[in-house]
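Work through the exercises below with the sequence and the model open. Each task is followed by a solution in steps.

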Amino acid sequence: MSGVMKRMGMIFRAKANKALDRAEDPRETLDYSYQKQLELLQKVRRGVADVATSRKRLELQLNQLQKQSSTLEDQGRKALALGREDLAREALSRRAALQQQVTDLETQHQTLQGEEEKLTLAAQRLQAKVDAFRTKKETIKATYTAAQAQTRIGEAFSGISEEMGDVGMAIQRAEDKTAQLQARAGAIDELLASGALDDSSGLAKDDIQSELDRLSGGTDVELELQRMKAELAGGSTSKQAIEPGQGQPQAQQQPQDTPRFDKQ
């Protein structure tokens with residue numbers, strides 16, 4: 001049972017890794033890494049500022065203690081000049097205590113100063129690293145974008161992209177439907193012409209009816225032509241019959257009146 005669970009867990013992790021790899025955008029990952037480096041650099045700079053602030057506070061305390069030590073030394077010298085050795089001893093004792101504090105603060109100051117120098121150097125190195133990463137990040141992003149665009153263009157030209165694949169399938173479906181409709185229309189025309197199907201509109205005619213109509217139309221034309229010839233022939237005969245004087249000899253024509261002359 002444990003082996004089955006391990007195998008199921010491995011399959012789940014493999015599928016999840018594949019899904020994450022498909023969903024991951026390298027440009028987004030690079031931007032996220034750059035943002036994290038900037039946040040780290042900001043923390044280091046804050047650390048440098050905090051250490052510098054602590055060092056400055058120690059310097060102020062050292063200056064104050066040194067002033068107090070100088071004051072106690074002057075007071076002890078004046079008390080000794082006035083014959084107050086007890087006061088001078090007390091002033092010198094207090095000065096000694098202050099001097100111990102000054103020594104401790106100087107030690108802490110040196111430690112903080114060393115830490116500040118280390119953090120400053122680390123911040124400078126981290127800044128250089130972040131700048132280099134930003135340059136590399138932008139280069140990789142530009143290269144990835146160009147490769148992605150080139151891949152999409154190649155897929156579009158080759159027709160293997162999802163968008164172009166859908167367009168190609170739509171064109172193929174349209175061509176198939178067009179061919180099917182053309183084949184169906186041709187088959188119906190053939191069936192109507194052969195008489196296998198009746199035309200309910202009465203407009204379509206089969207081959208025999210078309211031939212009969214053609215012959216009938218030709219006969220009507222011939223009859224009309226013969227009638228027109230007969231009319232033309234009859235009209236010319238009537239015209240010849242009603243024209244006067246044609247076909248008579250000149251001797252049979254009546255003589256014209258001649259003038260008479262009287263004898264003188």
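**Exercise 1: an aromatic pair**

F133 is buried, with a relative accessible area of 19%; buried means under 20%, exposed over 50% and partly exposed in between, with a 1.4 Å probe and protein chains only. The model is a predicted one, in which local features need pLDDT of at least 70 and side-chain atom pairs count only at pLDDT 80 or more, while totals for chains, interfaces and linings use all residues. Residues are numbered from 1 along each chain as its sequence is written, and side-chain values use heavy atoms, with hydrogens and water left out.

Task: find which residue forms an aromatic pair with F133, and classify the pair.

Solution. 
1. Apply the rule: rings of Phe, Tyr and Trp (its six-membered ring) pair if their centres lie within 6.5 Å; planes under 30 degrees apart count as stacked, over 60 as edge-to-face and the rest as tilted.
2. The count by this rule is one aromatic pair.
3. The partner is Y34, at 6.5 Å centre to centre and 15° between the planes, and the pair is stacked.
4. Y34 sits in helix α2 and F133 in helix α3, 99 residues apart, so the pair links distant parts of the chain; helices (H or I, at least four residues) and strands (E, at least two) are DSSP runs, numbered from the N terminus.
5. Y34 is also buried, at 14% relative accessible area.

**Exercise 2: the whole chain**

Task: state how many helices and strands the chain has, and what share of its residues is buried.

Solution. 
1. The chain has five helices and zero strands.
2. Of its 264 residues, 12% count as buried.
3. Among contacts with a separation of 6 or more, 76% are between residues 24 or more positions apart.

Methods
Contact means heavy atoms within 4.5 Å.
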